Amino acid sequence: MTKNTHLQLDMTTILADFPALDQEVHPGKRLVFLDSAASSQKPRQVIDAMSAYLRHDHANVHRGIHTLSERATAAYEGARDKIRDFIHARSRREIIYTRNATEAINLVAATWGRANLGPGDVVVLSEMEHHSNLVPWQMLAEQVGCTLHYIPVTDTGELDLDTYAAFLRDEPVKLVSVMHVSNVLGTVNPVADMIRQAHEAGALFLIDGAQSVPHLAVDVQALDVDFLAFSGHKMAGPTGIGVLYGKRELLDAMPPYMGGGEMIKRVTLDGSTWNDLPHKFEAGTPAIAEAVGLGAAVDYLGALGMSNILAHEQVVVNYALDRLSEVPGLTLYGPSPDKRNGVATFTLQDMHAHDVAQLLDVEGVAVRAGHHCAMPLHQRLGVAATARASFYVYNTTADVDVLVDAIFAARKTFGFGG
Ligand SMILES: Cc1ncc(COP(=O)(O)O)c(C=O)c1O
């Protein structure tokens, strides 16, 4: 059965934009790429923008007065403006380039955290977090003696908001740091309400947007969020570039993260003073071509329209949840379709998730297997590993059909019948 999902997007054009999708990974087996939550494929618009920059315009930024340096600086800073517009930040100074979401979260923990937290202070995280939003806070807690509290995950795969409210009411919470969309369950957390509650309790709020910014419109001003972290490579951009958004007054007050060139105003042998935002947090030669690529990715997603992307993905994910629930012995994880997006995570009888992923690869289907950098969540779910199909704008319901057929084939290989 093959359904078409036309909606507002022209899938023929979109599929033609992603050269990596046009291949067979084994003889006669078309690539069905269902691993975009780990890293998305790149459209030719991004590849071409990076190639053009590297072929014609590359020089170091901010340093030269020659033509190429001026062009490189314009391209690098122009991409920052595009990202500012994409997430609706007030100022380009609020957009800090990092290597990825992980580095963005580490930056806040190491700078804001060390300057503002000590014994008695509480940071609230959740049990569904990616390790990127757990380990930096655990490292910080060891250093400064603050306490970490974790919002539990309910049996339906949602955050236990009563416990969250109790933390805010009963504990000296200084910061809440929570993912917007779960990379395992697909849960879309109600961050707007959670931010309002945190602010009423006098706490700041960081959103880990690694799985939301690529898929849905995130407006930092409408949310009134204090920090937002995300990665370029999950949103059609290249690896090696990510973003920390922070409210300007917070970033201004924070000490720098790394020391070196670019982040200083003046250096003497007795000490240094810091550059203005955003450069204070961008020590050393940055990832210039990668920033250009992320700017092109933002252009690409913006032209498609984030609401169209979300609507398309929801059709595909809902179709996947429906079809996967037909498979005997398959357990799906995560909340009801109206509360989720992006991924369908499952186990198949007592087959190990790695074996499932390997058998799906034989059929050309790329899924991820393991704990997906969310070991505490897997402990909560009571499984060591799961298989995850994740979807992006270039996936269709036809991909889902190939996935489901491949799962039936895998069951057969394991002797579970057709
Ligand atoms: C929810 C979430 N947060 C953070 C990250 C870390 O992203 P990166 O490895 O690009 O820093 C990921 C990556 O899978 C993620 O899914």
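This is a predicted model: local features need pLDDT of at least 70, side-chain atom pairs count only at pLDDT 80 or more; totals for chains, interfaces and linings use all residues.
**Ground rules.** I number residues from 1 along each chain as its sequence is written. For helices I take DSSP runs of H or I with at least four residues, for strands runs of E with at least two, numbered from the N terminus.

**Seven-stranded sheet.** I looked up the strand order and found an open sheet of seven strands, β4-β10-β9-β8-β7-β5-β6, with mixed pairing. I count two strands as paired if DSSP finds at least two bridges between them. The edges are β4 (95–98) and β6 (147–151); each has a single partner strand, so one side of each is left without a neighbour in the sheet. I note an average twist of 20° from one strand to the next. Axes here are lines fitted to C-alpha atoms, for helices over the stretch in contact, and angles run from 0 to 180 degrees between N-to-C directions.

Strand β7 (residues 173–179) pairs with strand β8 (residues 204–208) in the parallel sense, over five bridges. Met179 has Asp208 in β8 as its bridge partner.

**Helices on that sheet.** I count two residues as in contact if their C-beta atoms, placed from the backbone, lie within 7 Å. Helix α4 (residues 101–116) packs on the sheet and touches β4, β7, β8, β9 (227–231) and β10 (242–246). The direction of α4 makes about 35° with that of β10. Helix α7 (residues 191–200) lies across β7 and β8 and runs at about 175° to β7.

**α4 against α5.** I find α4 and helix α5 (residues 135–144) packed at an angle of about 20°, with their axes 9 Å apart. That makes α4 roughly parallel to α5; the classes are roughly parallel under 35 degrees, roughly antiparallel over 145, roughly perpendicular from 65 to 115, and oblique for the rest. Their crossing is right-handed. I use left-handed where the near helix is turned anticlockwise from the far one by less than a right angle, and right-handed where clockwise. On the α4 side the contact is made by Ile105, Asn106, Ala109, Gly113 and Arg114, and on the α5 side by Pro136, Trp137, Leu140, Gln143 and Val144. By class, I list six nonpolar, three polar and one charged residues in this contact. Ala, Val, Leu, Ile, Met, Phe, Trp, Tyr, Cys and Pro count as nonpolar, Asp, Glu, Lys and Arg as charged, and the others, Gly among them, as polar.

**α3 against α10.** The axes of helix α3 (residues 67–87) and helix α10 (residues 288–304) come within 8 Å and cross at roughly 40°. That makes α3 oblique to α10. The crossing of α3 past α10 is left-handed. Among the residues that meet, I note Ala72, Tyr76 and Phe86 in α3, and Ile288, Leu294 and Val298 in α10. The contact has 11 nonpolar, three polar and two charged residues.

**Four-stranded sheet.** A further open sheet has four strands in the order β13-β14-β17-β16, with antiparallel pairing. I put β13 (330–333) and β16 (368–370) at the edges, where each pairs on one side only. Neighbouring strands are turned by 30° against each other on average, direction ignored. β16 and strand β17 (residues 386–390) run antiparallel and are joined by three bridges. Ala369 stands opposite Ala387 in β17. Helix α11 (residues 306–324) lies across β13, β14 (343–348) and β17, at about 15° to β14.

**Ligand shell.** I find 13 residues around the ligand, of which Asn100, Thr102, Asn183, Ala210 and Ser231 come nearest; a residue is near if its C-beta atom, placed from the backbone, lies within 6 Å of the molecule. By class, this shell has four nonpolar, eight polar and one charged residues.

**Backbone details.** Leu277 and Pro278 are joined by a cis peptide bond, with omega about 0°. Pro278 lies in the loop between β12 (271–274) and α10. Ala236 is not a glycine, yet I note a positive phi of about 75°. Ala236 sits in the loop between β9 and β10.
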